[in-house]
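Hi,

Here is the structure I promised to send over. Have a look at it first, and then read on for what I found.

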Amino acid sequence: MDINFVVGICLLLPVLGAFLVLILGSRPNVREAATLLTGGLTFWHVWGLLHHVREGARPRLELLEIVPGVQLAFEVEPLGLLFALVASFLWIVTTLYAIGYMRGHHEENQTRFFFFFAIAIAGALAVAFSANLFTLFAFYEVLTLCTFPLVTHHQTDEARKAGRVYLGILLTTSVAFQLLAIIWTWQLADTVDFTEGGILAGTASNGVLSAILILFVFGVGKAAVMPFHRWLPAAMVAPTPVSALLHAVAVVKAGVFTVLKVAVYVFGIDLLGTLAATTWLAWVAAATIILGSLVAFQKDNLKARLAYSTISQLSYIVLGALLANEWGVIGGGMHIAMHAFGKITLFFAAGAVLVAAHEKDISRMHGLGRTMPITFGAFFVGSLSIIGLPPAGGSWSKWFLGMGTLEAGQVGLLAVLMLSSLLGLYYLLEVPVKAFFFRPPDGTDHGKDFKEAPLPSLIAIGITALATVGFFVWPDLWYELMTMVISGVAQ
Amino acid sequence: MTQHLPVLLVVVPLVAAPIAALLNRPRLSWAVAVGATLWALYAALELLSQTMVSGAIHYELGGWTAPYGIEYVVDAANAWVVVIVALIGALVTPYARKSVEREITKDRIPLFYAAFILCLTGLLGIAVTGDVFNVFVFLEISSLSAYALIALGNDRRALTASFQYLIMGSVGATFIVIGIGLMYIMTGTLNMADLADRLPEVASSRTIPVAFTFLTVGITLKLALFPLHMWLPNAYTYAPSAVTAFIASTATKVAVYLLLRFFFTIFGATFSFDVMQLDRILMPLALIAIVAMSLVAIYQENVKRLLAYSSVAQIGYMVLGISFVSVLGLTAGILHLFNHALMKGALFMSMGCVMYRVGSVRLEQMNGLGRAMPWTMAAFVVGGLSLIGVPLTVGFVSKWYLVQAALEQGMWPVAGVVLLGSLLALMYVWKVVEVAYFREVDPELGISEAPLSLLAPTWVLVLGNLYFGINASESVGVATRAAEILLGVL
C-alpha cells in the first residue's frame, strides 16, 4: 500500500470509529468492541509507519490548499510519530479502562462520551502529523472544542463553570497569542511549513523573534505554562478516563509537542539558543515546575493533586525545548512518552479508587492498599516514573534533561529539577504509603464492602504500569526517535 | 440572451414583484418569489463566471451609449456582491414559506413576497449599475421595501423599529443624493467611469470635498458603521425571521460595496485616502465598532438583538480591512463581506427555526434547546464558531487575512484588536450555547425539531461556512481580483 495513503488511514480510522459508536449506540457491548477494534487498527497503522520513518522516509499527505500558499497537509517525522504512537496506544488501553469505569460508575450518555473521545484522538493524531503551523493550529483548536463536551460531561453547574475556564483559557491564548505568532511567522518567513533547521533564522531582529517565541510559548495554552494553567485543574470535573487520556496524554501532550515542534522546526535550536527571551522563558518554565509541585503538595483531592503534578511535569518538556541543545530536546521528547505512561497509570488508579471505594480525597484512603493492592501497587510504580527514579522509565528522560541543563551551563535549572523531584517524592508517594501502611482512622475494615476495580480497568492499569517499568529497561524506541529528530536537524 | 444578462438580472425580479402582489394567493406569490430568486442566482453565477474569464462586462441600457445612457458594468467586485445577494435570496425564499406563515397574517403574505422581491431587485440593481443616479433609485427601491418588510413583524415594536429605520435611512439616502447632485453640478455626468475621469479636474474646488463628505455620511449610515448604526439593532430584532436573515446578510453588504465603488472607483484611492484621508476616520470607527459593539452584544438577552450588535461589530471588520487601503486589506474586507453573509445567514436562520417552534428567541426561553432541537442548535454552534473565527470555518479565513493586512503595515495593536474581537465573540456565542446545552428543557412545552423546509436552507449555509473555510482558494481568488480592480493595480 502507498505509504502516504497510510497517513490518511491513521487519521480517518478514529473518525470512522466515532461514527460507528454513534450507529451502534444502543448496543453497548458492540459499541465498545467497535472502539477497541478501531483503536487496535489505528495503532497498528501508526506502528506500520515506524518502519518507514526509520529508513528515512517522511510520508506526506497533502489534502488541499486552504488559502493560496497554505496547505492542509500532513507529514510524519520522528517527533510526531513518537506522539502518535503514545496517543494511539494509550487510546486502546484507556478504552479498556473506560469500559470498566463508565459502567462501574453508572455514567450517563456513554455513546456521546465514546464518540467525542474518538474524535479527540483523531484531532491529536492530526496535530502529531501536521506538516505546517496552520494545519497544527487548526487541529489544535479541533482538539480544544471536541474535548469540551467531555470535560462538561456531567452537565452540572460545576461542569459548566469548569467548561468556561477550560474553553476560555485555551481559546483565548491560542487565538490571541498563538495565531498572532503564526501569522507573524508567515509574514516573515513566507512559509509556515515545518522545516529541519527552522524557517525563521535571519528573517528579523533578535527582539522581534523573541517576541514571537514568547507568543508561542504562552499561546500554546495546552502546555499549561503558568499563568495559563488554570484550565487543567478545572478539566478534572470530567470522568476519570478523560482526565487520564486527554488531560495527561492527548491534550496536554499536544501542547508541549507543539512547543517542541516550534522550537525544533520553526526556530531551530541554533537560533533558539541566541534569542534573548529563551533563557527568560526557561526560568518561567522552571517557576512553573516548582510552583506546580508546591500546589500539588497542598491538594487533598487526588485528581487535583495529579493535575498540578501534570502542570509541573509539562514544564519539564517546555524547559527541555528552551534549553536549546540536543540533550534538552531528547529529554523533552522522551518525557512526552515517559510521563504519558506514568501519569495515565496514576489517573487510572485514582479512578479505580473512585469507582470501587467512592473516595476522592487522599486523607480518606488510609488502609485502602490492603483491599486494592494492584491499584496502589500500580500507583507506586507510576509515581516512581514521574519522580524519575529507577526502575521506571521516567528516570531516562529526567537524566537527559539534567544533562541538557549542564550543557546549557544552567546549574540553577538543574537544582530546580532536583528540588521538584524531591517534592514529587513526597506528594506522590504519600498516597501509596498511606494506603498500605496507615490504618483507617475509625479502625473499620474495608475488605468486606468492596474489592478491586472492575476487571477491564484493572487490566488497563496493569498494562500501563508494566510498560512504565519496561521503558526503564528498553527506552530504545523513544531514544532512537528523538536522536532522529536531532540528527535530522544537525544535517 | 446571455448578452442581456446584466439587465435581465434586475428586470425579471422587478416584473415578478407586481405579479406576486396581483396573484394575491400566499402559495402562488411564494412560487413567483422562488422563480425570481432562482433566476437571479442563475444570472449572478453566470455573470461571475463570465467576468472571471473575460473581464468586465459593459451593457448599455436601450442601446444608448455611455456616458449619455445608463450603463451597467459588471466586474469581479460587483459580480461577487451580486452572487452573495442572489445566493442568500435563493436560500431565504424556500425558508420563508413556513416561517412567514407562522409570523405574518395570511392576507399580507402576498404583499410580503412582493416587497421581498422588490428588495432583492433593489439590492441587485445597486450592485450592477454603473450610473450613480441609478444607484440612488435602486437604493430607494430596496430601502422602501425593507421598511415595509420590517414593519410586517408580529411584534408591535416592529412598527417603531421600521419607522426609526425609515427616518435614518431617508437621511442617509438624502445625503447620498445631495452628494450625487453636487458631483453632477461640477462634472455634468452621472456615469461612474466618466465621473472617475472628470473628477480630478475639479477636485480642488470646494464642492467636491463637500460632495465627498455627504456621500461618506450617507453611505456609512446605510452600512451601519458605528456610531451611525442606531437603526440596525431594533430593525433586526423585530423584523420577521426570514427578513432578518435576508437583510442582515445582504443590505449592509451592498452598502459596503457602495463605499468601495464610490471611494475607490469614482473618487479614486488617491483622492479619498491621501487627500481626504478617509482612512483616518474609518479605522478608529471600525476598531471602536469591533470592541464596543461586541461588548454590548455580550449583555443582550434577546438572541436576535445579540446577533444584530454582533453584525455591527462584524461590519467593523469589513471597514477595517478597507481602511488599510492595501490589496491585502481590501481582500480581507471583501472576503469578509461574503463570509459574514454566510455566517450571519446561518445564525439568523437558526434563530428563525427557534422562533418557529418556541415563538421567542429570548435566552430564558431557550433552555435545553440543544436537546429539543439538536439540528437547529448545531447549526447555531457551527455558525457561532465561524463568527469566533475557529480554523476550518470561513471566519478564520477572514481573520487570517485581516491580521496579515495589519501586520503588513506594522500595526500590530490593530491585529490585537481583531483577535480581541474574536474572544468577545466567543463570550456572546457561548452565552447562548450554555443556555441551550446546560439547562433542562421544560418537557411540558413539547418543543420539537424545526421542519425540514427551514432546516435545509439553514444547513446549506452552515455547510457553506465549512466548505469555504476549508477550501477558500476560490473565494480568496475572487476577492483578491476585486481588490486589485478597485485599487487599479490590474
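B:Asn24 counts as partly exposed because it has 13 C-beta neighbours inside 10 Å (buried takes 20 or more other C-beta atoms within 10 Å of a residue's own, exposed takes 12 or fewer, partly exposed is in between, and C-beta atoms are placed from the backbone). B:Asn24 is not a glycine, yet it has a positive phi of about 55°. You'll find B:Asn24 in the loop between helix 1 (5–23) and helix 2 (26–54) of chain B; helices here are DSSP runs of H or I with at least four residues, strands are runs of E with at least two, and both are numbered from the N terminus.

Before going further, some housekeeping. This is a predicted model, in which local features need pLDDT of at least 70 and side-chain atom pairs count only at pLDDT 80 or more, while totals for chains, interfaces and linings use all residues. Residues are numbered from 1 along each chain as its sequence is written, and chains are lettered from A and ligands numbered from 1 in the order in which they are written.

B:Ala224 sits in the loop between helix 8 (207–222) and helix 9 (232–238) of chain B, and it counts as buried because it has 28 C-beta neighbours inside 10 Å.

Chain A has cis peptide bonds to look at. One runs from A:Met226 to A:Pro227, with omega near 10°, and A:Pro227 belongs to the loop between helix 7 (206–219) and helix 8 (231–234) of chain A. Another goes from A:Pro390 to A:Pro391, with omega near 0°; A:Pro391 is in the loop between helix 15 (373–387) and helix 16 (394–407) of chain A.

Now chain A as a whole. Chain A holds 19 helices and two strands, and its C-alpha trace spans about 70 × 55 × 45 Å along the principal axes.

Where does A:Gly100 sit? It is in helix 3 (residues 78–104) of chain A, and it counts as buried because it has 23 C-beta neighbours inside 10 Å. Setting aside neighbours within four places in sequence, A:Gly100 is in contact with A:Ala453, A:Pro454, A:Leu455, A:Pro456 and A:Ser457, where contact means C-beta atoms, placed from the backbone, within 7 Å. A:Pro456 is 356 residues away from A:Gly100 in sequence, but their C-alpha atoms are 5.3 Å apart.

On to where the chains meet. The contact takes 22 residues from chain B and 21 residues from chain A. On the chain B side, helix 17 (394–408), helix 18 (412–438) and helix 20 (473–487) are the elements that give two or more residues. Helix 18 of chain B gives the most, with eight residues. The chain B side divides into 16 nonpolar, four polar and two charged residues (Ala, Val, Leu, Ile, Met, Phe, Trp, Tyr, Cys and Pro count as nonpolar, Asp, Glu, Lys and Arg as charged, and the others, Gly among them, as polar).

Helix 17 of chain B is largely enclosed by the rest of the structure, because twelve of its 15 residues are buried. Among them are B:Phe396, B:Trp400 and B:Tyr401. Helix 17 of chain B reaches 21 Å from its first C-alpha to its last, close to the 21 Å expected at 1.5 Å a residue (1.5 Å times one less than the number of residues). Just after helix 17 of chain B, B:Gly410 takes a positive phi of about 75°.

B:Tyr59 has B:Tyr72 in strand 2 as its bridge partner.

Cheers

Notes: Contact = placed C-beta atoms within 7 Å. Pairing = 2+ DSSP bridges.
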